[in-house]
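Work through the exercises below with the model open in a viewer. Each task is followed by a stepwise solution.

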Amino acid sequence: MSYPYQIKSLEQYHADYKRSVDDPAAFWSAIAEHFTWKKKWETTLNWNFTEPRVEWFKGAKLNITENCLDRHLEKSGDMPAMIWEPNDPDEHHRILTYRRLYEKVCQFSHVLKNNGVKKGDRVCIYMGMIPELAVAVLACARVGAIHSVVFGGFSAQSIADRLYDAQAEFIVTCDGAYRGQKDIPLKSVIDDALIGNRIVKRVIVATRTRTPVSMIKGRDVWWEEEINKVETMGLHDFPAEEMDADDPLFILYTSGSTGKPKGVVHTCAGYMLFTNYTFVNVFQYEPGDIFFCTADIGWITGHSYIIYGPLSAGATSLMFEGVPTYPDASRFWKIIDKFKVNILYTAPTAIRSLMGFGLGPVHGHDLSSLKVLGTVGEPINEEAWHWYDEHIGKKRCPIVDTWWQTETGGILISNIAGITPSKPSYATLPMPGVQPILVDESGKEIEGNSVSGNLCIKAPWPSTIKTTYGDHERCRTNYFATYPNLYFTGDGALRDENGFYRITGRVDDVLNVSGHRIGTAEVENAINMHASVVESAVVGYPHDIKGQGIYAFVIYQGSHAQNTHGTADLIRKDIHQTVTRIIGAIAKPDKIQFVSGLPKTRSGKIMRRILRKIAEGETENLGDTSTLLDPGVVEEIKNGKL
Ligand code: WT7
């Protein structure tokens with residue numbers, strides 16, 4: 001199968017783009033014809049950004065897993081759907097053909113059903129990067145349950161919050177997970193998360209690390225035992241639940257500038273269409289290619305470009321359990337050589353970190369199978385771009401810089417590999433169906449080229465965020481209320497003389513640390529939990545590898561801390577512990593500066609702008625400090641900068 005809607009020339013890109021904007025309904029309904037539906041749609045698109053309400057393919061019935069699995073069986077049943085490379089290079093890799101994956105998904109669908117999971121139920125998935133994670137995700141989709149995958153690096157507290165928010169009754173987890181040198185005791189984290197929880201009825205535990213676990217009677221069951229029951233009954237198929245186009249497919253929690261993480265909801269039809277469309281177009285995937293996305297399924301990139309996009313396209317998706325630097329910094333290149341990977345999709349932070357090891361680890365590995373390279377998650381600096389281009393792509397492989405968000409479901413702005421031009425550090429042009437605009441603070445559109453502003457999207461694309469789980473108003477205020485009738489991305493961007501977009505970074509209080517989104521307010525709340533912390537303010541600063549580092553200014557009760565712990569370093573460690581416990585290690589501040597006060601306005605608002613400048617190393621132009629309650633505090637903070 002190749003893809004009738006794959007863009008094959010620059011002219012076609014322009015023509016398709018124009019069609020998609022002139023008549024989005026006609027454009028997307030023609031593409032939708034290439035999918036498997038249980039019932040076709042009545043209307044292609046209904047929308048209103050003020051509510052917001054965006055309905056694609058209303059009236060249609062489908063199951064996304066029939067598109068990801070069943071429809072490939074006849075022709076490609078023996079094709080590898082998934083190649084799995086373990087953390088430890090000496091352990092055997094696994095290959096799951098479309099048929100095998102289908103069977104495993106069907107079997108686990110029975111397991112879910114046998115354990116009481118019904119359509120619409122929320123299932124929290126907290127697993128390492130093993131094939132069973134993909135199986136669990138797809139089985140949820142098959143039975144119509146809503147999956148909420150939580151990244152294995154999040155703490156028990158974070159899981160507890162997410163379980164509560166989604167009112168999840170079911171959990172799928174592992175005994176433990178391998179990640180590089182680490183062995184993460186996932187089940188024990190789940191046990192902590194469940195203390196006091198009265199909603200979760202069942203925890204299904206897959207075996208991976210053989211880490212000792214305690215199984216709670218009546219609540220916890222083993223994955224393997226449940227599968228055995230199904231196998232003995234000879235069950236290999238499971239009828240896919242009939243879903244409405246806009247029935248929720250999954251919830252994925254992501255950080256914002258305020259409050260706790262919100263549960264971004266994506267629904268079945270539009271998300272399926274758009275992840276598939278962007279996958280085959282941006283990467284110019286050809287049947288038989290091996291596609292390696294290095295993200296974790298705990299993030300949207302893994303959902304859209306390890307599972308749903310590639311599998312709906314009948315592609316071969318490579319899933320890697322480990323980290324780029326284990327057992328050494330040649331791991332990615334070894335994997336590419338081993339499986340003759342054709343397309344590599346990774347994050348700038350990984351490239352920068354591997355760059356730091358020099359060319360030694362790259363040498364001696366055959367990278368000639370590579371055709372296309374991609375990046376995602378944060379702006380890529382030109383140095384990293386060129387390193388990637390020269391030393392990995394050997395100047396033969398187009399690099400796609402893909403800009404998108406958890407909320408957008410799929411890639412919105414990116415060059416198309418080998419078809420549309422690339423420009424280092426630019427995401428360049430919108431995908432068909434995507435209408436970006438730049439606005440100023442007041443919401444006025446900034447027209448023309450060579451301009452910059454806040455990036456908004458002015459019409460729906462098929463995988464527009466549907467809602468934030470349990471709180472639609474939050475979805476409205478966060479994304480659709482800042483500027484009337486526009487989806488606001490939270491990013492700043494510039495548009496160059498050719499109309500190419502360069503995403504410059506968040507304009508709100510959201511940090512992007514190694515491509516992971518972290519709200520400053522969330523980190524502050526975690527730090528403030530520490531008994532000797534009075535108050536804190538968190539900002540980002542440029543970090544060579546992570547893109548952004550976390551800089552925390554902390555007021556602590558000096559005397560108490562002195563007495564009990566002695567040194568500032570020990571208190572820093574305590575604060576790290578607290579943040580790790582409340583959020584997870586990914587949110588640990590890189591720098592903690594103790595201060596006696598914070599720059600505040602007379603109304604008590606922390607002037608983060610000033611702190612940001614100080615953290616960035618700026619000492620001169622801090623802007624207007626005259627409105628501060630106590631301008632003297634700025635001098636002290638400047639002098640104490642780390
Ligand atoms: C934020 C979204 C999209 C999957 C991974 C992150 C930043 C993402 C790019 C890029 C510059 C980028 C933006 C965006 N971002 N891709 N190619 N160039 N910035 O998903 O956690 O939802 O974060 O990541 O700031 O808003 P996410």
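The exercises cover a helix pair, a sheet, a hairpin, the ligand site and some backbone features.

The model is predicted, so local features need pLDDT of at least 70 and side-chain atom pairs pLDDT 80 or more, while totals for chains, interfaces and linings use all residues. Residues are numbered from 1 along each chain as its sequence is written, and side-chain values use heavy atoms, leaving out hydrogens and water.

**Exercise 1.** Determine how helix H4 and helix H8 are oriented and which residues make the contact.

Step 1. Helices (H or I, at least four residues) and strands (E, at least two) are DSSP runs, numbered from the N terminus. H4 spans residues 98-114 and H8 residues 223-232.

Step 2. The two axes come within 9 Å and cross at roughly 105°. Axes are lines fitted to C-alpha atoms, for helices over the stretch in contact, with angles from 0 to 180 degrees between N-to-C directions.

Step 3. H4 and H8 are therefore roughly perpendicular (65 to 115 degrees).

Step 4. In the contact (heavy atoms within 4.5 Å), H4 supplies Gln 107, Phe 108, His 110, Val 111 and Asn 114, and H8 supplies Trp 223, Glu 226, Ile 227, Val 230 and Glu 231.

**Exercise 2.** Find the edge strands of the open sheet of 8 strands.

Step 1. The order is S12-S11-S8-S6-S7-S14-S15-S23, with mixed pairing (two strands pair if DSSP finds at least two bridges between them).

Step 2. S12 (220-222) and S23 (467-468) each pair on one side only, which makes them the edges.

Step 3. S23 pairs with S15 (residues 262-267) in the antiparallel sense over 2 bridges; Val 265 has Thr 467 as its bridge partner.

**Exercise 3.** Describe the hairpin of S24 and S25.

Step 1. S24 (residues 487-495) and S25 (residues 501-506) run antiparallel, joined by 5 bridges. Ala 493 stands opposite Ile 503.

Step 2. Between the strands lie 5 residues, and Gly 499 in the turn has a positive phi of about 85°.

**Exercise 4.** List polar contacts of the ligand (pairs of N or O atoms within 3.5 Å).

Step 1. A ligand oxygen is 2.6 Å from a side-chain N or O atom of Asp 491.

Step 2. For Gln 405, the distance from a side-chain N or O atom to a ligand oxygen is 2.9 Å.

Step 3. A ligand nitrogen is 3.4 Å from a polar backbone atom of Pro 379.

Conventions
Angles under 35 degrees count as roughly parallel, over 145 as roughly antiparallel, 65 to 115 as roughly perpendicular and the rest as oblique. A polar contact is a pair of N or O atoms within 3.5 Å; within protein, one must be able to donate a hydrogen and the other to accept it, and residues adjacent in sequence count only if both atoms are side-chain atoms.
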